[in-house]
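Here is a short briefing for a first look at this structure. Keep the sequence and the 3D view side by side as you read.

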Amino acid sequence: MTNADITTATADWHAWQESWDRQQEWYLPDREERFRIMLDMVEALVGTAPRVLDLACGTGSITARLLGRLPDATSTGVDLDPALLAIAEGTFAGDDRVRLVTADLKDPDWPAKLPYDAYDAVLTATALHWLHREPLADLYGRVAGLVRAGGVFMNADHMIDETTPRINAAERAQRHTRMDQAKRDGILDWAEWWQLAAKDPVLAEPTARRYEIYGEHADGDMPSAQWHARVLREKGFGEARPVWCSPSDTLLPAVK
């Protein structure tokens with residue numbers, strides 16, 4: 001799909017989902033493998049018909065893969081980004097398994113906007129690094145209150161071990177070499193993708209509102225997997241540990 005295809009297909013939500021996936025894969029080449037392991041763990045821990053909260057859902061990437069893998073599941077997607085939610089709303093229009101909620105996860109009252117008080121699984125990917133440690137720890141406490149006993153929370157995100165600076169530097173250099181080559185091959189990066197969204201007749205207005213909320217990018221913290229596991233236990237989860245990792249990312253479930 002070319003940039004022109006994306007720009008002219010103003011209501012082609014599938015095209016926008018595809019373009020978002022390709023842009024994200026530029027940063028995360030193991031993205032689909034990570035989703036697969038996430039859903040393996042959902043099925044293993046809470047069965048084939050879970051009630052799921054897709055936390056910071058964006059365009060609904062997790063929800064789409066959840067329903068493709070487990071068609072009897074239901075999903076509540078929550079996010080604040082008007083443009084990404086517009087794509088999610090267009091994608092899942094008419095699917096009564098999906099409900100979408102606009103809420104700010106830094107607002108302590110955001111759980112009151114959800115349609116359910118408890119979920120079998122709360123899932124999130126490549127989103128919570130936008131938060132700093134203190135608000136992230138607070139968020140983990142609220143998530144613990146939403147996961148039923150025996151349920152699971154999973155976070156797949158950048159989790160950096162600061163005790164290995166040489167390994168981190170080597171991984172970062174190798175990753176950027178790969179990304180530079182993909183960029184030369186014509187892949188859209190984050191900024192270019194948003195420039196296209198801003199020119200689209202349907203997405204221009206929600207994209208403008210999105211920049212009013214976030215600016216260019218909200219950079220938070222990327223603490224280690226050990227930090228995440230410790231804080232999740234402190235906030236009420238019984239078990240927490242990584243089940244998958246790439247050189248830069250970790251998938252970490254916590255069971256209530």
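Thr250 touches Asn155, Ala156, Asp157, Met159, Ala225, Pro242, Trp244 and Cys245, leaving aside its neighbours within four places in sequence. Thr250 lies in strand E8. The model is a predicted one.

**Thr250 and the cysteines**

- Thr250 has a relative accessibility of 7%. Thr250 counts as buried because that value is under the 20% cut-off.
- Cys245, one of the contacts of Thr250, is exposed, with a relative accessible area of 53%.
- Cys57 is buried, at 7% relative accessibility.
- The structure holds zero disulfides. A disulfide is a covalent bond between the sulfur atoms of two cysteines.

**Nonpolar cores**

- In soluble globular proteins, nonpolar side chains tend to be buried together.
- The largest nonpolar core here has 31 residues. Leu53, Leu55, Trp110, Leu139 and Phe153 have the most contacts inside this core.
- Two or more residues of this core come from each of these elements: strand E1 (51-55), strand E4 (119-125), helix H6 (133-146), strand E5 (147-158), helix H10 (225-234) and strand E8 (249-255).
- Helix H6 gives the most to this core, with seven residues.
- A second, separate core has 24 residues. Met38, Leu39, Val42 and Ala88 are among them.
- Leu53 has contacts beyond its neighbours within four places in sequence. They are Thr76, Val78, Trp110, Leu114, Tyr119, Ala121, Val122, Leu123 and Leu146.

**Helices H2 and H8**

- How do H2 and H8 pack, and at what angle? Helix H2 (residues 13-27) packs against H8 at about 165°, and their axes are 10 Å apart.
- The two helices are roughly antiparallel, because angles over 145 degrees count as such.
- The crossing of H2 past H8 is left-handed.
- On the H2 side, the residues that meet H8 are Trp16, Ser19, Trp20, Gln23, Gln24 and Tyr27. On the H8 side, they are Trp190, Trp193, Trp194, Leu196 and Ala197.

- Where is Val202? Val202 sits in the loop between helix H8 (190-199) and helix H9 (204-214).
- Val202 is partly exposed, with a relative accessible area of 36%.
- Val202 and Ala86 are 116 residues apart along the chain. Their C-alpha atoms are separated by 8.8 Å.

How values were computed. Residues are numbered from 1 along each chain as its sequence is written. This is a predicted model: local features need pLDDT of at least 70, side-chain atom pairs count only at pLDDT 80 or more; totals for chains, interfaces and linings use all residues. Side-chain values use heavy atoms; hydrogens and water are left out. Helices (H or I, at least four residues) and strands (E, at least two) are DSSP runs, numbered from the N terminus. Buried means under 20% relative accessible area, exposed over 50%, partly exposed in between (1.4 Å probe, protein chains only). A nonpolar core is a set of buried Ala, Val, Leu, Ile, Met, Phe, Trp, Tyr and Cys residues joined through side-chain atoms within 4.5 Å. Contact means heavy atoms within 4.5 Å. A disulfide is a pair of cysteine sulfur atoms within 2.5 Å. Axes are lines fitted to C-alpha atoms, for helices over the stretch in contact, and angles run from 0 to 180 degrees between N-to-C directions. Angles under 35 degrees count as roughly parallel, over 145 as roughly antiparallel, 65 to 115 as roughly perpendicular and the rest as oblique. A crossing is left-handed if the near helix is turned anticlockwise from the far one by less than a right angle, and right-handed if clockwise.
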